Amino acid sequence: LALDRDLRAALARGEFQLHYQPKVSLIDQSLEGFEALLRWDKPGFGMISPGEFIPVAEDTGFIVPLGDWVLDEACRQLREWIDRGLEPVPVAVNISPRHLRQRSAEDFRRIIDRHRLSPDLVELEITEGAVMQDMDHALSVLAALKAMGIRVAVDDFGTGHSSLSYLKRLPVTTLKIDRSFVNGVPSEREDNGIVSTIIAMADMLGLDVVAEGVEKQEQANFLRHHNCTLVQGWLTGRPVPAGQAADLLAMRL
Ligand code: G
Ligand code: G
Ligand code: NA
Ligand code: MN
């Protein structure tokens with residue numbers, strides 16, 4: 001496949017980079033974390049979104065070396081910020097289903113250790129689908145990650161197929177409410193119900209909750225009113241290159 005060959009060459013040439021989107025507290029607007037988002041800076045084409053190549057990388061298996069690179073690069077960046085005297089925040093990386101299936105908790109741990117980072121500075125975002133594809137493997141990896149102190153978030157929560165009985169058994173730290181639900185708040189009654197129920201459920205299960213795709217102040221107001229204080233979205237910050245992310249770290253009180 002031509003695209004697969006191009007992707008492998010792009011990794012070898014150093015054409016991938018990470019952008020960082022802030023996770024922000026609605027209580028005091030403080031920066032609480034970043035999500036690392038992959039970009040392909042393809043010469044002559046500009047920035048290419050992962051939506052255009054992650055599915056191919058999943059199919060061909062290239063997602064495994066690419067996903068390892070993403071985690072390594074996020075950790076390298078964190079280490080660089082720390083060495084410059086900046087106070088770090090946790091950085092989340094997206095782990096695709098195939099990547100999760102082919103790696104152990106120790107594999108992820110080794111990458112974090114290589115950069116001498118505290119494990120709680122790293123969060124892995126997985127989808128419900130990734131867990132359901134190979135339940136036994138996923139449960140054992142997640143349990144080992146938790147024992148190591150590596151944070152795990154369920155990404156796009158509510159769009160997958162996980163039942164509540166699985167959620168109860170999942171050793172994760174955070175639920176990320178999918179932006180398709182946040183989008184309808186506060187004008188769509190059904191979305192209001194779904195979002196407020198996920199927040200209440202997370203609270204009862206002892207999980208952190210983050211609302212994704214928050215674009216409007218009315219959405220933030222609704223979330224805050226329902227006790228969801230962590231948000232990620234264009235309202236509080238678009239994904240930015242590493243240099244601007246460092247500026248955000250430096251600006252903190
Ligand atoms: O940032 P953007 O909206 O272009 O991302 C599109 C999709 O690509 C999203 O679903 C996002 O989760 C996914 N994505 C972004 N970065 C990564 C990454 O490093 N690894 C994986 N597996 N998916 C990513
Ligand atoms: O699948 P995942 O939730 O990881 O997707 C993250 C994607 O969502 C990123 O590509 C990011 O660019 C995009 N994104 C982040 N904030 C917003 C937002 O407020 N609105 C919209 N439409 N997309 C967003
Ligand atoms: Na994500
Ligand atoms: Mn998400």
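Colleague: Which residue in the turn of the hairpin formed by S1 and S2 has a positive phi?

Modeller: In this predicted model, strand S1 (residues 16-25) and S2 run antiparallel and are joined by 9 bridges. Within that pairing, Pro-22 stands opposite Phe-34 in S2. The hairpin leaves 5 residues between the two strands, and the turn residue with a positive phi, of about 65°, is Gln-29.

Colleague: In the hairpin of S2 and S3, which residue takes a positive phi?

Modeller: S2 pairs with strand S3 (residues 46-48) over 3 bridges in the antiparallel sense. Trp-40 has Ile-48 in S3 as its bridge partner. There are 3 residues between the strands of this hairpin, and the one with a positive phi near 85° is Gly-44.

Colleague: Do S2 and S4 run parallel or antiparallel?

Modeller: One facing pair is Glu-35 and Ala-92, the latter in S4. The two strands are joined by 2 bridges, and their sense is parallel.

Colleague: How many charged residues does the shell around ligand 1 have?

Modeller: S2 (31-42), H3 and S4 (91-94) each supply at least two residues of this shell. Among the residues around ligand 1 are Leu-37, Leu-38, Ile-54, Gly-67, Val-70, Val-93 and Asn-94. By class, the shell divides into 6 nonpolar and 5 polar residues, and the number of charged ones is none.

Colleague: How many charged residues does the shell around ligand 2 have?

Modeller: Ligand 2 is surrounded by 13 residues, of which the closest are Gly-213, Glu-215, Gly-233, Trp-234 and Pro-239. The shell has 4 nonpolar and 4 polar residues, and its charged residues number 5.

Colleague: Is H3 roughly parallel or roughly antiparallel to H5?

Modeller: Two packed helices are described by the angle between their axes and the distance between the axes. For H3 (residues 63-83) and H5 (residues 105-114), the axes lie 8 Å apart and the angle is about 30°. Angles under 35 degrees count as roughly parallel, so the relation of H3 to H5 is roughly parallel.

Colleague: What is the handedness of the crossing of H3 and H5, left-handed or right-handed?

Modeller: The crossing involves Asp-68, Leu-71, Asp-72 and Cys-75 in H3, which meet Phe-108, Ile-111 and Ile-112 in H5. By class, this contact has 5 nonpolar, no polar and 2 charged residues. The handedness of the crossing is right-handed.

Conventions
Residues are numbered from 1 along each chain as its sequence is written. Chains are lettered from A and ligands numbered from 1 in the order in which they are written. This is a predicted model: local features need pLDDT of at least 70, side-chain atom pairs count only at pLDDT 80 or more; totals for chains, interfaces and linings use all residues. A residue is near a molecule or strand if its C-beta atom, placed from the backbone, lies within 6 Å of it. Ala, Val, Leu, Ile, Met, Phe, Trp, Tyr, Cys and Pro count as nonpolar, Asp, Glu, Lys and Arg as charged, and the others, Gly among them, as polar. Axes are lines fitted to C-alpha atoms, for helices over the stretch in contact, and angles run from 0 to 180 degrees between N-to-C directions. Helices (H or I, at least four residues) and strands (E, at least two) are DSSP runs, numbered from the N terminus. Angles under 35 degrees count as roughly parallel, over 145 as roughly antiparallel, 65 to 115 as roughly perpendicular and the rest as oblique. A crossing is left-handed if the near helix is turned anticlockwise from the far one by less than a right angle, and right-handed if clockwise. Two residues are in contact if their C-beta atoms, placed from the backbone, lie within 7 Å. Two strands pair if DSSP finds at least two bridges between them.
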